[in-house]
Amino acid sequence: MITFDLSCDREHRFEGWFRNLEDFEDQLARDLVTCPLCGSNRVSKRLSAVAVHVGRRSVDSPKPEAPQDPKPGGEVTAESFFRVMGRFIEENFDDVGSAFAEEARKIDRGEVDARNIRGTTTPADEEALREEGIEFHKIALPKYDA
Ligand SMILES: [Zn+2]
């Protein structure tokens, strides 16, 4: 089973459980995923903000190694990719939660040590960061049970 943080078009937030990534994509494409609060089927994955190498003024910040396929020589499925990416980001990115934009700015100004961070942003945060030229990415990562 995998879980996604989802939200509907009325900004209700909920968790969706699926057998696997394909099951999720399939149900979403067929509008079978509905909000438990209002029944809306206009549902999307909530994205996490991830900043990579934000501290561009620091030359000696350690660079993370690219995630490796868990089965060398094996096929990289979307699911194994997300699983590895998710673990990689959990282990290598400092979770700063809703302080993401503030923390990204501090790193950009060199007020704190450069590091990789992840967290949540509001649309206003995102616009401000873009205007300030601070690089970040938004990704949706499923959570897998063990
Ligand atoms: Zn809703």
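Start by selecting Ala114, which counts as partly exposed because its relative accessibility is 21%, and buried would mean under 20%. Keep in mind that this is a predicted model. Ala114 sits in the loop between helix H3 (100–109) and S6. Ala104 and Ala114 are 10 residues apart in sequence. Draw a distance from C-alpha to C-alpha, and the pair comes out 9.1 Å apart in space.

**Next stop: the zinc ion**

Which protein donors does the zinc ion have? They are Cys8 (SG), His12 (ND1), Cys35 (SG) and Cys38 (SG). These donors lie 2.0 to 2.3 Å from the zinc ion. Along the chain, their spacing reads C-x3-H-x22-C-x2-C.

Stay with Cys8 and Cys35, a pair that links distant parts of the chain, 27 residues apart. Cys8 belongs to strand S1 (residues 2–8). Cys35 is in the loop between helix H1 (21–29) and strand S3 (43–45).

Now check the angles. The 4 donor atoms subtend 102 to 113 degrees around the zinc ion, so the arrangement is tetrahedral. For comparison, the ideal angle for four tetrahedral donors is 109.5 degrees.

Switch to a surface view and look for the two cysteines again. Are they buried or exposed? Cys8 counts as buried because its relative accessibility is 3%. Cys35 is buried too, with a relative accessible area of 2%.

**Then: helix H2**

Select residues 78–92, which form helix H2. This helix has 15 residues. From first C-alpha to last, H2 reaches 21 Å, close to the 21 Å expected at 1.5 Å a residue.

Colour its buried residues: Ser80, Val84, Met85, Gly86, Phe88 and Ile89. What do the buried residues of H2 pack against? Show strand S4 (48–51), strand S6 (117–119) and strand S7 (137–139), and you have the partners.

**Last stop: the largest pocket**

Keep H2 on screen, as this helix gives the largest share of the lining of the largest pocket, 6 residues. The pocket has a volume of about 970 Å³. Its lining counts 34 residues. To find the centre, select Asp5, Arg46, Leu47, Ser48 and Thr120, the lining residues that lie nearest to it.

How values were computed. Residues numbered from 1 in each chain as written. Predicted model: local features only at pLDDT ≥ 70, side-chain atom pairs only at ≥ 80, totals over all residues. Heavy atoms only, no water. Helix = DSSP H or I, 4+ residues; strand = E, 2+ residues; numbered from the N terminus. Expected span 1.5 Å × (residues − 1). Buried < 20%, exposed > 50% of the residue type's maximum accessible area, 1.4 Å probe, protein only. Contact = heavy atoms within 4.5 Å. Donors = N, O, S within 2.8 Å, 3.2 Å for Na, K, Ca; no water. Tetrahedral: all angles 85-135°; square planar, octahedral: opposite > 155°, others 65-115°. 1 Å grid on protein atoms, 1.4 Å probe; cavity = no way out; pocket = protein on both sides within 12 Å on 5 of 7 lines; lining within 4 Å. Points joined across faces, edges and corners; volume = space filled by probe spheres on them.
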